[in-house]
Amino acid sequence: MSRKFLVALGSAALALSLAACSGGGAGSGGDTSDKKPGDLTIGVSMPTQTSERWIADGNAVKSKLEAKGYKVDLQYAGDDIPTQSQQVDQMITQGADVLVIAAIDGTALSSQLQAAAAAKIPVISYDRLIRGSKDVDFYVSFDNYKVGVAQGTALLVGLGLLNKDGSKGTAKGPFNIELFAGSLDDNNTQYFFGGAMDTLKPFVDAGTLKVKSKQTTPEQVATLRWQQETAQKRMENLLTSSYNDGSKVDGVLSPYDGISRGIITALQNAGYGSGAKKLPVVTGQDAEIASIKLINDGVQNSTVFKDTRLLADQAVNAAEAFLQKKEPQANDTKTYNNGVKVVPAYLLPIATVYKDDIKATLIDSGYWTAEEVAAGQAKK
């Protein structure tokens, strides 16, 4: 599964240019350039409060906009698509001047976006690309393919097949691994999984890595709504069905820390981590505090850190640009085709965090404190 294929996935209009397919979007009218920030409202729609990551995102966007004087309508949808649709409808009806949306299902908000376009309300797709609509004006995210590459690389480093500097490790294998992906209704899933599999494929082809369950397609390994409980149940089923012959799991590709914790719980319940049966290498994403403690304690191997403070900054920058009748700064105008148009994007860098990176990357930057890492819990 190459990056070129992933970029084209789901798009029947890839050959269209950005200029040809960006006309008539939501941000084509509605003069707010002469209004004061206190007279303007930004609607912020976040998918769930079950993940500390999305709570942090919502709070960061809200606080940064309010610091500039804007009114903010922040809503969480509880991972329920009809609720998010209703909340966005309400934001439009109540006169939001810009919408910042992290969609639960990237294809489920078309009618809301049409209403936003009719009302001349710019739409910023936040971290999860909204698909199948021309009425998406901008996308702020991280380089999601590189996130997948980082996760695949972290698995290889954890197994000893690579060193952290990318050089060849001393381990020989073969190793048994299992694969997990995110929710298929989230556009990022294809990039995470594609980047990881492109990284792991040479080792799978060489027989160094073996997926003992033979579950390797996105459909087989997906985790609906990124739920920890769903991942735990699948890991339990994998252990029962594929590892009842005395063999062991050496590594698990996990795309998100919540999924990682579900996987680890299933493994620990099956006796991994006690005696000679050591825990497999388990990857992750989002640097959630519960998983950072697990990494610090030597339980989870790694996570991919995406600094949501920087993502919130870019969402605010894009919103302000639209309110001032300007085009937001984009650093990618080719990659993110949502099936109808190429959405201009601003992509941020990511960092892999192993145990010895926690202090420099997370504590020294002020993302988490040493006390929070030790407790595995964020301060209120």
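## Close-up views of a predicted model

**View 1. Arg261 counts as buried, at 16% relative accessibility.** Here, buried means a relative accessible area under 20%, exposed means over 50%, and partly exposed is whatever falls in between, using a 1.4 Å probe and protein chains only. This is a predicted model, so local features need a pLDDT of at least 70 and side-chain atom pairs count only at pLDDT 80 or more, while totals for chains, interfaces and linings use all residues. Residues are numbered from 1 along each chain as its sequence is written, and side-chain values use heavy atoms, leaving out hydrogens and water. The side chain of Arg261 meets that of Glu288 in a salt bridge, at 2.9 Å from N to O. Arg261 belongs to helix α10 (residues 257-269) and Glu288 to the loop between β9 (281-282) and α11 (289-296), so the pair ties together parts 27 residues apart in sequence. Glu288 is also buried, with a relative accessible area of 2%. In a network of their own, Arg53, Asp57, Asp127, Asp286 and Lys306 are joined by salt bridges that share partners.

**View 2. A salt bridge connects Lys64 with Asp313.** Side chains of opposite charge can pair when their charged atoms come close. The rule used here asks for a side-chain nitrogen of Lys or Arg within 4 Å of a carboxyl oxygen of Asp or Glu, and the count comes to 19 salt bridges. For Lys64 and Asp313, the closest N and O atoms are 3.0 Å apart. This pair links distant parts of the chain, with Lys64 in helix α3 and Asp313 in helix α12, 249 residues apart. Lys64 counts as partly exposed at 27% relative accessibility, and Asp313 is partly exposed too, at 29%. Another pair to look for is Asp135 with Lys134, whose closest N and O atoms are 3.6 Å apart. In that pair Asp135 is buried at 2%, while Lys134 is partly exposed at 41%.

**View 3. Strand β1 (residues 41-46) is largely enclosed by the rest of the structure, because six of its six residues are buried.** Helices (H or I, at least four residues) and strands (E, at least two) are DSSP runs, numbered from the N terminus. In a regular strand the side chains alternate between the two faces of the sheet. On β1, Thr41, Gly43 and Ser45 point one way and Ile42, Val44 and Met46 the other. Two strands pair if DSSP finds at least two bridges between them. β1 runs parallel to strand β2 (residues 71-76), with six bridges joining them, and Gln75 is the bridge partner of Ser45 there. On its way from β1 to β2 the chain passes through helix α3 (residues 52-67), in a right-handed β-α-β crossover. Right-handed means that, with the strands pointing away from the viewer, the path from the first strand over the helix to the second runs clockwise. β1 also pairs in the parallel sense with strand β3 (residues 98-101) over four bridges, where Ser45 stands opposite Ile101.

**View 4. Helix α12 (residues 308-323) is mostly covered.** Of its 16 residues, 12 are buried, among them Leu311, Val316, Phe322 and Leu323. These buried residues pack against β1, α3, β3, β4 (123-126), β5 (138-142) and β11 (345-348), where contact means heavy atoms within 4.5 Å. From first C-alpha to last, α12 reaches 22 Å, close to the 22 Å expected at 1.5 Å a residue; the expected span is 1.5 Å times one less than the number of residues. Just after α12, Lys325 takes a positive phi of about 60 degrees.

**View 5. Both faces of strand β5 are covered.** Phe138, Val140 and Phe142 lie on one side and Tyr139 and Ser141 on the other, and all are buried. β5 pairs in the parallel sense with β4 over three bridges, and the partner of Ile124 is Phe138. Parallel pairing with β11 takes four bridges, with Ser141 opposite Leu347.

**View 6. An open sheet of four strands runs in the order β7-β6-β8-β9, with parallel pairing.** β7 (209-211) and β9 stand at the edges with a single partner strand each, so one side of each has no neighbour in the sheet. Strand β8 (residues 251-253) pairs with β9 over two bridges, and Val282 is the bridge partner of Val252.
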